[in-house]
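Subject: Structure handover

Hello,

Please find the structure below, with notes on what was found in it. The notes follow the order surface, fold, sheet, core and single residues.

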Amino acid sequence: DFGCDTPAAGMFCWVPLPEGVRGTELAGVALSRDLAVVGGGAFHAVGGPDAHVRLSFASLPSDAIPTAIARLADSIHSMQRGEG
């Protein structure tokens, strides 16, 4: 079960990742599936936890969101299976 709180405002939501899945690595795996996300570690000035990804929902048509979420879930499951 992957999810984020409903944003009150803004253009992004932060999605917590399962144990052992790092956001920076997930970004590369997701990109290979035509999905761009940003690992949370990229937002720390001196390094920090990389246990989230930042998703933009502002520029994606609402009918494309289910496909994007399916690609994200597939990317996460692939990493959990060690397939990367």
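This is a predicted model: local features need pLDDT of at least 70, side-chain atom pairs count only at pLDDT 80 or more; totals for chains, interfaces and linings use all residues.

**Surface and overall form**

Residues are numbered from 1 along each chain as its sequence is written, and side-chain values use heavy atoms, with hydrogens and water left out.

The average pLDDT (the predictor's confidence in each residue, from 0 to 100) is 87 for the chain, and 93% of the residues score at least 70. Confidence is lowest in β1, with a mean of 87, and highest in α1, at 95.

The C-alpha trace spans about 30 × 30 × 20 Å along its principal axes. The radius of gyration of the chain is 12 Å, which agrees with the value near 12 Å for a compact globule of 84 residues. This radius is taken over C-alpha atoms, and the globule rule is 2.2 Å times the number of residues to the power 0.38.

Of the 84 residues, 30% are buried. Buried means under 20% relative accessible area, exposed means over 50%, and partly exposed is in between (1.4 Å probe, protein chains only). Among contacts (heavy atoms within 4.5 Å) with a separation of 6 or more, 66% are between residues 24 or more positions apart.

**Fold and sheet**

The chain has 2 helices and 3 strands, in the pattern β-α-β-β-α along the sequence. Helices (H or I, at least four residues) and strands (E, at least two) are DSSP runs, numbered from the N terminus.

The 3 strands form an open sheet in the order β1-β3-β2, with antiparallel pairing. The edge strands β1 and β2 each pair on one side only. Two strands pair if DSSP finds at least two bridges between them.

Strand β1 (residues 12-16) is joined to β3 by 5 bridges. In this pairing F12 is opposite S56, and P16 is opposite H52. On the other pairing, 2 bridges link β2 (residues 38-39) to β3, with G39 opposite V53.

The side chains of β3 (residues 52-56) alternate.

In soluble globular proteins, nonpolar side chains tend to be buried together. Here the largest nonpolar core has 16 residues, of which L26, V37, V53, L55 and L72 touch the most other members. Two or more residues of this core come from each of β1, α1 (23-31), β3 and α2 (65-80). A nonpolar core is a set of buried Ala, Val, Leu, Ile, Met, Phe, Trp, Tyr and Cys residues joined through side-chain atoms within 4.5 Å.

Leaving aside neighbours within four places in sequence, L72 is in contact with L26, L35, V37 and L55.

In α1 the buried residues are G23, L26, A27, V29 and A30. Their cover includes β2, β3 and α2.

S75 lies in helix α2 and counts as buried because its relative accessibility is 0%. Apart from neighbours within four places in sequence, S75 is in contact with L26, V29, A30 and R33.

**Two loop residues**

P18 is in the loop between β1 and α1. At 18% relative accessibility, P18 counts as buried. Its C-alpha atom is separated by 8.9 Å from that of H52, 34 residues apart along the chain.

D34 lies in the loop between α1 and β2. With 65% relative accessibility, D34 counts as exposed. Most residues other than glycine have a negative phi. D34 is not a glycine, yet has a positive phi of about 60 degrees.

Regards
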